[in-house]
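Please look at the sequence and the model first.

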Amino acid sequence: MTVVAVIVTALLSVAALMALTRIVRGPTLLDRVVATDVLLAVIMGAVGTEAAINRHATTLPILVVLAILGFVGSVGVVQFAAARERR
């Protein structure tokens, strides 16, 4: 189980680093929004992996809140960008 945890941690770390790079270097606002959404998904994957490895479900409400926050945040920023583009 330890080998799996190390591999998953390495993969999630690489994905988070790539998302952070896109957030910093993203040429447009929408690129940064997508990268932020990917980073949130990576964080959710890390929390879910931790819950699976330790065999507990106490982090399920945290995952639900993160999913709702990511969805509402993405929709809000896209609506802002669409309204800004119409002008």
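Q: Is Thr 59 buried or exposed?
A: This is a predicted model, in which local features need pLDDT of at least 70, side-chain atom pairs count only at pLDDT 80 or more, and totals for chains, interfaces and linings use all residues. Residues are numbered from 1 along each chain as its sequence is written, and side-chain values use heavy atoms, with hydrogens and water left out. Buried means under 20% relative accessible area, exposed over 50%, and partly exposed in between (1.4 Å probe, protein chains only). Thr 59 has a relative accessible area of 11%, so Thr 59 is buried.

Q: Where is Thr 59 found, and which residues is it in contact with, leaving aside neighbours within four places in sequence?
A: Thr 59 lies in the loop between α2 and α3; helices (H or I, at least four residues) are DSSP runs, numbered from the N terminus. Contact means heavy atoms within 4.5 Å. Leaving aside neighbours within four places in sequence, the contacts of Thr 59 are Val 47, Glu 50 and Ala 51.

Q: How far apart in space are Ala 51 and Ala 83, C-alpha to C-alpha?
A: Ala 51 is found in helix α2. In sequence, Ala 51 and Ala 83 are 32 residues apart, and their C-alpha atoms are separated in space by 40 Å.

Q: What do the buried residues of α2 pack against?
A: Helix α2 covers residues 29-54. Its buried residues are Val 33, Ala 35, Leu 39, Leu 40, Val 42, Val 47 and Ala 51. They pack against α1 (2-25) and α3.

Q: How far apart are the end C-alpha atoms of helix α2?
A: The expected span of a helix is 1.5 Å times one less than its number of residues. Helix α2 has 26 residues, so it should span 38 Å; this agrees with the distance between its end C-alpha atoms, 38 Å.

Q: What is the phi of Arg 55 near?
A: Arg 55 follows α2 and is placed in the loop between α2 and α3. With a relative accessible area of 71%, Arg 55 is exposed. Its phi is positive in a residue other than glycine, near 55°.

Q: Which residues does Ser 74 touch, not counting residues up to four places away in sequence?
A: Ser 74 is in helix α3. Its relative accessibility is 17%, so Ser 74 counts as buried. The buried residues of α3 also include Leu 63 and Leu 66, and what covers the buried residues of α3 includes α2. Not counting residues up to four places away in sequence, Ser 74 touches Val 33 and Asp 37.

Q: Is Leu 60 buried or exposed?
A: Leu 60 is in helix α3 (residues 60-86). Because its relative accessibility is 52%, Leu 60 counts as exposed.

Q: Which element has the lowest mean pLDDT?
A: pLDDT is the predictor's confidence in each residue, from 0 to 100. The mean for the protein chain is 91, and 100% of its residues reach 70 or more. Among the elements, α1 has the highest mean pLDDT (95), and the lowest (89) is that of α3.

Notes. Helices (H or I, at least four residues) and strands (E, at least two) are DSSP runs, numbered from the N terminus.
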